[in-house]
Amino acid sequence: MDFVSRCVKGGRDTRTTEPHQLPIYASSSFVLDTVEQGIDIFKGNTKGHVYGRYANPTIDAVTQRIAELEAIEIDQEAYGILTSSGMSAISTIVLGLLKSGDAILTQGNLYGGTTELFKKVMKPIGIDTIFESMSDLHELEKVVHANSNIKLLYLETPANPTMACVDLEALSAFAKEYQLITVIDNTFCTPYIQRPLSLGIDFVIHSTTKYLNGHGNGIAGIIVGHKKEFYQKIWQAMKLLGTNSNPFDAWLLNNGLKTLALRMDQHSFNSLELAKFLETHPKVLKVNHLGLSSHSSHEIAKKQMTNWGGMMSFEINGSVQDGIDFINRLQFCTQAPTLGDVDTLVLHPATSSHLNVDRELRIQNGITDGLIRLSVGIEKIDDIIADVDQALQQV
Ligand SMILES: *Cc1c(COP(=O)(O)O)cnc(C)c1O
């Protein structure tokens, strides 16, 4: 072979034994041995890797692992579809399963991006969203009777930042009665703490960017389900919208998953310790933590979650400026607009995530001027408490 051709063609796989750790398959396509093999794969008769937007071995390994974790308590085999972000997991499932004229029934306190997606992208293309409280089933029945176009019930529990929960068992039974597809955003809990498929929910979605990755170094999302009749539709939407993940972010996610259980235990322990400390603090009006019996969702959480997770919020007795001052005085905790990382992250919703929400409406939803949201990390709890305490002393 010529020098020039040797340069072009070199670098094929030389491995002799299985790698101990998952490799990153940075290849946009895969070699077909024969034309017939290609036909079989494209027809869907055999499984195989052909093109990176359809599937990739690194991505598939991680996807399968998360699907198994979500489905550990159900008898059916589950499948997963890894996407480029949590938002694309949501848009892909909605566009894969609904059509113009269909409607979504959901709660008012969703992740901000999800509410915006439904209002600003789905509504203009004919997929309407009806926002209702999920606590009154009789009220929901009336809504479903009045709107025969509702096809999907979209849930998120616990919800940001007050940690309000909805009853998954009751709502999945309700949805079955009216033949609604159920989807839940399980980002805050991960399958280590909450397994909605075992409670009758059809689909779980995640922003794996958060706890599943855990280290704040990759963006991705996942859709997990066990109903094969829907799989082809959602996979097709992912493939044709091009909302696929990439091997590097999938690989980072795979690394993060190894310590998921250890991390969630420590997040849960630390957040409860911090909540107990804040509950008796003279400058704190209210603490929103599911482990406290004072939280209005404490009983629902006990029923459907195995631990509390790392998310919580609390109200400083003060103004918007007091909230700003508190955050600015923190030295150990980090101000960053994400959650689920190993280190403690804080956010002042009134001046960040809810900056553009009308003050009255914001306060109605429990997001008061002095509300602080915490994603409690896995550091030594004494360091977290000491930092929060010194910042509160000066308020
Ligand atoms: C972050 C987040 C999302 C969006 O995920 P991205 O990975 O940022 O696209 C959706 N739902 C919840 C609960 C989130 O916290």
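Biologist: What volume does the largest pocket have?

Modeller: The volume of the largest pocket is about 990 Å³, where a pocket is an open set of points on a 1 Å grid over the protein atoms alone, with a 1.4 Å probe and with protein on both sides within 12 Å along at least five of seven lines, and lining residues have an atom within 4 Å of a point. A volume here is the space filled by probe spheres set on the points, which are joined across faces, edges and corners. This is a predicted model, in which local features need pLDDT of at least 70 and side-chain atom pairs count only at pLDDT 80 or more, while totals for chains, interfaces and linings use all residues. Residues are numbered from 1 along each chain as its sequence is written, and side-chain values use heavy atoms, with hydrogens and water left out.

Biologist: Which residues lie nearest its centre?

Modeller: Of the 31 residues that line the largest pocket, Leu110, Gly112, Ser353, His354 and Val357 lie nearest its centre.

Biologist: Switching to the ligand, how many residues surround it, and which are the closest?

Modeller: The ligand is surrounded by 13 residues, each with a heavy atom within 4 Å of it, and the closest are Met87, Asp185, Ser207, Thr209 and Lys210.

Biologist: And which side-chain atom lies 2.8 Å from a ligand oxygen?

Modeller: That is a polar side-chain atom of serine 207, while an N or O atom in the side chain of lysine 210 is 2.7 Å from an oxygen atom of the ligand.

Biologist: What about glycine 86?

Modeller: Glycine 86 has a backbone N or O atom 2.9 Å from an oxygen atom of the ligand.

Terms used. A polar contact is a pair of N or O atoms within 3.5 Å; within protein, one must be able to donate a hydrogen and the other to accept it, and residues adjacent in sequence count only if both atoms are side-chain atoms.
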